[in-house]
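Hi there,

Here is the structure I promised to pass on. Have a look at it, and then read my notes below.

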Amino acid sequence: MSDSPYQELIDDPPQTRTVGRRVFAFDVIDSTNRHTLEQGEQGAVYVADCQTAGRGRLGRSWHSAPGLGLWFTVALDGLWEGVPIIAALAVRDALADRCALTIKWPNDLLLNGKKVCGILAEHRNDRTALGIGLNVHHAIGDFPEELREKASSLEAELGGSWDRCAILRDVLTDLDGKVMLVQDQGADALRAEWAEACALIGRRIQCGEVVGEVRALDATGALMVSSDDGAQHTIHAGDIHYLDGG
Ligand code: BTN
């Protein structure tokens, strides 16, 4: 495909050990995660200009209109349970010289309090599909109406010009370093950094039925919350709402 926005990366992939050594680009695909689960090869990256059935967390769909975002999936052999944590740190760090992204538990990336990036890891047949969706060029009106208050893009927040191919190269390079670190030293090598980035200890939150204060994040990254009636809850997944501002 000669006019892919990612052609430069296909012709000259990053000099990484695993992640991104091969890059495959689609104009349109249903979901890069679905494709990767079915035929991903270790370390390869599948990026699409448009997804017709992009998948989000908690069974939601992910808005992936043409030309607006960076929609890609990394294939990893094995069951990488904690890989969204690694990916959230990698996206934040890869973009640190361009913008200050914050991590909202478990692995959303926010800019000016609005979600600009989501991460979804899926597993099948001893393969992990690590999907990352980064909103780049959207104007707020490009999002479905129900998302306009909560979602945004790099361009809508900061203006300027953004090169999806250059961003992808930087994210893959950073992600490769972190995947190698975790492979060599285990997940704990990054977990404390991620927990600190989530900045949740002591905060008052609501997640589903649970309202209370976050006491800790356990070894799996789950939230340990004391609710107002003194009950203790462990929350593994969900959407949190801050009740103390921010
Ligand atoms: C979320 O709900 O926050 C996770 C969104 C993940 C979206 C990405 S876009 C590339 C990859 N392919 C998919 O179908 N989903 C992920």
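What follows is a short tour of the core and of some backbone features.

A word on the source: this is a predicted model, so local features need pLDDT of at least 70 and side-chain atom pairs count only at pLDDT 80 or more, while totals for chains, interfaces and linings use all residues. Residues are numbered from 1 along each chain as its sequence is written, and side-chain values use heavy atoms, with hydrogens and water left out.

The largest nonpolar core has 59 residues, and F72, L200 and L223 have the most contacts inside it. By nonpolar core I mean buried Ala, Val, Leu, Ile, Met, Phe, Trp, Tyr and Cys residues joined through side-chain atoms within 4.5 Å. Buried is under 20% relative accessible area, exposed is over 50%, and partly exposed is in between (1.4 Å probe, protein chains only). This core takes at least three residues from each of domain 1 (7–195) and domain 2 (200–242); the bounds come from an automatic or database domain assignment.

Leaving aside residues up to four places away in sequence, L223 touches, among others, W105, L200 and I240 (contact means heavy atoms within 4.5 Å).

P106 sits in the loop between β4 (102–104) and β5 (108–111); strands are DSSP runs of E, at least two residues, numbered from the N terminus.

Most peptide bonds are trans, and most residues other than glycine have a negative phi. N125 has a positive phi of about 50 degrees, and the phi of D126 is near 60 degrees. N125 counts as exposed because its relative accessibility is 71%, and D126 does so at 53%.

Best wishes

Terms used:
Helix = DSSP H or I, 4+ residues; strand = E, 2+ residues; numbered from the N terminus.
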